[in-house]
Amino acid sequence: MKTVKIGMLGIGNIGRGTYMTLETNRHKIEEATDLDLQIVKILNRHPEKDRGIDIPKEKYVTDIRDILDDPEIQIVIELIGGVEPATTYMAEALKAGKHVVTANKAAIAKNGRMLQELATEKQLMLRFEASVAGGIPILNAITSALICNEFSSVQGILNGTTNYILTRMTEDGASYEDVLKDAQAKGFAEADPTSDVEGIDAANKLSILISLLFGIGVAPEDIPTRGISDISSKDINFAREFGYTIKLLASAESHDGTLTCNVEPSLVPLDHPLANVNNEFNAVYITGNAVDNLMFYGRGAGPYPTGSAVIGDVIGEARKIEKGAAYDLTPHLRYDADLDFRGEGQNPYYVRLRAEDRPGVLGQIASTLGTYEISIRTMTQQTDKEEDGVVSIIIIVHDVERNVLETALNVLLKNHSVKSIDNVLRVLE
Ligand code: HSE
């Protein structure tokens, strides 16, 4: 049996899950692969800290050079997270002749191109399955089994924290603030939840998917992104009345030589497979011209599901090393397709506003939207009046550019009968 020695950077939740996945399933892995995978050194800046896991202390090193300068280590697993110092460490590992496996979406979304060029130059492997949707093997699927397809769209629920919050709001009728506090107390949401709730985490993952599915580079900061912090139980209830549920969707579509994409809370029809993806689960729904529609579903976070994806990549690299065919850049990030990036494109939208309940107001709203060529699909008025004679009005409009809709809504606000625009959300067809 061939032994492959590995260095691991970081021993937080994912590091522990990766180590435990390897040790718990060692027998199965050895039987299936005839490989003896050994994590021999672990970069741990705080070796005195109790990590709640039984790892021989002599494996811990505090200086990355102990890993990079060890000629026996062939694979480096990066599990520190964040763009830096993780990117620099991965680049250093490649320069030192090590193959790299990472779970780091932020570093791959921002610096994947540079790291891939370095890997190509050094004829080394760089794998990052765990960076998108945790335990779901979506990157392997789209770059191997489904590689013959021309993909036209992807919609993903790529963030477990926000899906958990929206599910609890929907099922328990609780407010965003209350569910977030509860999720933080239970350890499901970070103390600083900004990256999750504002859609930044999902935008990083979508940027990676776009490169692999459509072959162009769209930086996460160029993806139109909105989070879930403005969603209220009113939106959830109105959406339900119209036959939708609200999910934070990361979407991209390729059509007639253009790519459109966004991350935003969206109304998903109750009969769409994504509508039933609840709690902390993730799902990726893709359409390819040969395979048609496919949905991948599973745990997008957590030490063991993420560890499963990381160890899968390590085994993939170790198998190539054993066969002496080490250079293989799969998944291969691409940036060369002949597609124009056109922002978020045209979509149907849901609008919730407050206006006076008196004759002619609905007509004025319809007329203003009409001036901007915005066509109304459905419109309804809440039956319970607020004390000052103001009611909520819900409108779903046909396909329109978001900036055109916002211009029209700003004009509506100048009409003294319209008191506020409370939310605007994309509708998935
Ligand atoms: N914070 C992410 C989530 C997990 O809530 O899904 C890691 O990507």
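The legends below describe close-up views of a predicted model. Local features are given at pLDDT of at least 70 and side-chain atom pairs at pLDDT 80 or more, whereas totals for chains, interfaces and linings use all residues. Residues are numbered from 1 along each chain as its sequence is written, and side-chain values use heavy atoms, with hydrogens and water left out.

**View 1. The residues around the ligand.** The shell consists of K105, N159, G160, T161, D196, D201, K205 and A301, a residue being near the ligand if one of its heavy atoms lies within 4 Å of it. By class, this shell holds four charged, three polar and one nonpolar residue. Here Asp, Glu, Lys and Arg count as charged, Ala, Val, Leu, Ile, Met, Phe, Trp, Tyr, Cys and Pro as nonpolar, and the others, Gly among them, as polar.

View 2. A backbone N or O atom of G160 lies 2.6 Å from a ligand oxygen atom. A polar side-chain atom of K205 is 2.7 Å from an oxygen atom of the ligand, and one of D196 is 2.9 Å from a ligand nitrogen atom. Of the 260 Å² of accessible area that the ligand has on its own, the protein covers 80% (Shrake-Rupley method, 1.4 Å probe). The space taken by the ligand is the largest pocket. A pocket is an open set of points on a 1 Å grid over the protein atoms alone, where a 1.4 Å probe fits, with protein on both sides within 12 Å along at least five of seven lines. A molecule sits in a pocket if more than half of its atoms lie within 2 Å of its grid points. The elements giving two or more residues to the shell are α7 (160-172) and α10 (200-214). Helices (H or I, at least four residues) and strands (E, at least two) are DSSP runs, numbered from the N terminus.

**View 3. S207 in helix α10.** S207 is found in helix α10. The side chain of S207 reaches the backbone oxygen of V218 at 2.8 Å. S207 counts as buried because its relative accessibility is 8%; buried means under 20% relative accessible area, exposed over 50%, and partly exposed in between (1.4 Å probe, protein chains only).

**View 4. Two cis peptide bonds.** Most peptide bonds are trans. The bond joining E84 and P85 is cis, with omega about 5°, and P85 is in the loop between β4 (73-78) and α4 (86-95). A cis bond also leads from T330 to P331, with omega near 0°. P331 is in the loop between α12 (303-323) and β12 (340-341).

View 5. Most residues other than glycine have a negative phi. D34 has a positive phi, near 60°, and is placed in the loop between α2 (26-33) and β2 (35-43). With a relative accessible area of 43%, D34 is partly exposed. The phi of N279 is positive, near 55°. N279 lies in the loop between β9 (258-269) and β10 (281-288) and, at 23% relative accessibility, counts as partly exposed.

**View 6. D384 in a loop between two strands.** The loop between β14 (376-381) and β15 (390-401) contains D384. D384 counts as exposed because its relative accessibility is 55%. The C-alpha atoms of D384 and R352 are separated by 15 Å, and the two residues are 32 residues apart along the chain.

Key:
A polar contact is a pair of N or O atoms within 3.5 Å; within protein, one must be able to donate a hydrogen and the other to accept it, and residues adjacent in sequence count only if both atoms are side-chain atoms. On a 1 Å grid over the protein atoms alone, a cavity is a set of points where a 1.4 Å probe fits but cannot get out, and a pocket is an open set with protein on both sides within 12 Å along at least five of seven lines; lining residues have an atom within 4 Å of a point.
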